[in-house]
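Subject: Structure for your review

Dear colleague,

Please find the structure below, followed by an account of what was found in it.

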Amino acid sequence: MQSVPCRPQRSDFVVVANRLPVVGEPTESGEPSWRRSPGGLVTALEPVLRRAQGVWIGWAGECDRRTAPFSHDGMRVHPVSLSARELASYYEGFSNATVWPLFHDTIVPPTLDRGWWQSYVQVNTRFAEAAALAAAPGATVWVHDYQLLLVPAMLRTLRPDVTIGFFLHIPFPPEELFMQLPWWTEIIDGMLGADLVGFQLPRDAENFRRTAAIRGSAIDPPGADAIGRIHVGGRVAWTGAFPVAVDAAGLTTLATSAAVRGRARRIRAELGQPDTVILSVDRLDYTKGIPERLAALDALYKQGRLIPGRHATVQIVTPSRERIPQYRELRRRIEIEVGHINGAYGALGRPAVHYLHRSVGREELAAFLVATDLMLVTPLRDGMNLVAKEYAACHPDADGALILSEFAGAAAELHGAYLVNPYDTDRLASTVDAVLNDPVAQRSRRMDTMHRQVRRHDVHAWARSYLGVLHRARAGRTVLGVSTRGAALPHAPAGA
Ligand SMILES: O=P(O)(O)OC[C@H]1O[C@H](O[C@H]2O[C@H](CO)[C@@H](O)[C@H](O)[C@H]2O)[C@H](O)[C@@H](O)[C@@H]1O
Ligand SMILES: Cc1cn([C@@H]2O[C@H](COP(=O)(O)OP(=O)(O)O)[C@@H](O)[C@H]2O)c(=O)[nH]c1=O
């Protein structure tokens, strides 16, 4: 894909997220080579930014290097630089070893470190300044996720004329967890700088409103429009739930292409033509419930309910946050468990679990999803989980089945999934068994329901609904005497 330098023009629509959609990797020539960034945030935002022709502000994945704005495959990006120390304290530290575990039910204990917090404030300031520079007068700036919780209020101070949206991709915890953070008031104030604070699920928005009330704001609970309003310093911040989605039509087209169908057939052949292919695809993260799932598979192979050769289980894990000790430890644990299962139940040329530790591209992933009879998505906690929705999008013929954790945000919408408690490994194992023995017609009805759901509520509908409410929140707002009425909002296209 082509990257060309571009002039740092101001834009009517600015996305601000920790990561750019591409990560730079050093090459011998000294110029980085760019590959797609991991994770669902990028998957969701890329098609939205392309349609709106805006600019994306974020970190390019390298340290101690200033990269000028450039255009990558037709998308304009403005890199924000991080030093190696900031990578350790802002990204690996406060973002991913404090906020991430705290907001995911403290699956591992969060670390509280004042130095990390100071670095988080510093880096958030840099992102806010970059957004203030990139935004045209009256622009819409859409800030994303837990790495940038302070940016909305910082940006409001710098640029009171712009409309500020904030969207949290991960769960927002109940107040008794959130208030363990020594800096919880600063974080609430930071988020409340937005005109609209969006969450994946209504319960996240509810948790947030309760905490804002404890902080001292008056709250109007959601009315018929499901939007709550928080009164803060003479203005109103709106809150609501906007479950993130996928480019379902694009994925269905990809999944039904001759190339992907052909590759899916070859994957089944490479697996030894099993009767059943069972697949999981995760970033290597302790929130994803991978050891628990392996424990269920262990039991199934041990009891002969799954048989290597007849049943092929594939686990793809993308490397993630590899310098954080808990992530390294998790990888070790997973690989020991996979080794144990294969050692105990596999045979020559017929492993029980086919384990791939790497990132796979969009087309190859689609082929895996098409080739799969039973998908296991069993996180212990997940804001949404786009892989579950992508699986449904890739099965327009209503074949396949999805076992889904009740603790994934996607469970609120994917009513055709077989829901499980991922901590209950016995029940998870018996659900796998039950689904494989379910009548085809029943599985097909369930898959059809999910496919229709993800086609109806796709990523364009998500952006349209969020930006539509943001537009309403802004209409009539007057800040420091500057009316923003009628300022530019990107047009989310109708009919998607
Ligand atoms: O940037 P990384 O540290 O490599 O992590 C990747 C992304 O992980 C998280 O994704 C979340 O967003 C998804 C889309 O809304 C959602 O489906 C999933 O449940 C979330 O965990 C994280 O929130 C992103 O900021 C990271 O870029
Ligand atoms: C393993 C793998 C994944 N992808 C793509 O990444 C995202 C993952 O999003 P999700 O919401 O499920 O979870 P996180 O954001 O990681 O917490 C999804 O769009 C996958 O298609 C990928 O492209 N390649 C991979 O190897």
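**Surroundings of ligand 2**

An oxygen atom of ligand 2 lies 2.9 Å from an N or O atom in the side chain of Lys 288, a polar contact (a pair of N or O atoms within 3.5 Å; within protein, one must be able to donate a hydrogen and the other to accept it, and residues adjacent in sequence count only if both atoms are side-chain atoms). In the side chain of Arg 283, an N or O atom is 2.7 Å from an oxygen atom of the ligand. A polar backbone atom of Val 360 is 2.8 Å from an oxygen atom of ligand 2. The protein covers 87% of the 560 Å² of accessible area that ligand 2 has on its own, with areas taken from the Shrake-Rupley method and a 1.4 Å probe.

This is a predicted model, in which local features need pLDDT of at least 70 and side-chain atom pairs count only at pLDDT 80 or more, while totals for chains, interfaces and linings use all residues. Residues are numbered from 1 along each chain as its sequence is written, chains are lettered from A and ligands numbered from 1 in the order in which they are written, and side-chain values use heavy atoms, with hydrogens and water left out.

Ligand 2 is surrounded by 16 residues, the closest being Gly 40, Thr 43, Arg 283, Thr 318 and Glu 390; a residue is near the ligand if one of its heavy atoms lies within 4 Å of it. Helix 1 (40–52), strand 14 and helix 13 (386–393) each supply at least two residues of this shell. Helices (H or I, at least four residues) and strands (E, at least two) are DSSP runs, numbered from the N terminus.

**The sheet and its helices**

Arg 283 stands opposite Thr 318 in strand 15. Strand 14 (residues 276–283) and strand 15 (residues 311–318) run parallel and are joined by eight bridges; two strands pair if DSSP finds at least two bridges between them. Both belong to an open, parallel sheet of six strands in the order 16-15-14-17-18-19. Its edge strands are strand 16 (353–357) and strand 19 (418–420), each pairing on one side only.

Helix 14 (residues 425–436) lies across strands 14, 15, 17, 18 (401–405) and 19, at about 160° to strand 18. Contact means heavy atoms within 4.5 Å; axes are lines fitted to C-alpha atoms, for helices over the stretch in contact, and angles run from 0 to 180 degrees between N-to-C directions.

Yours sincerely
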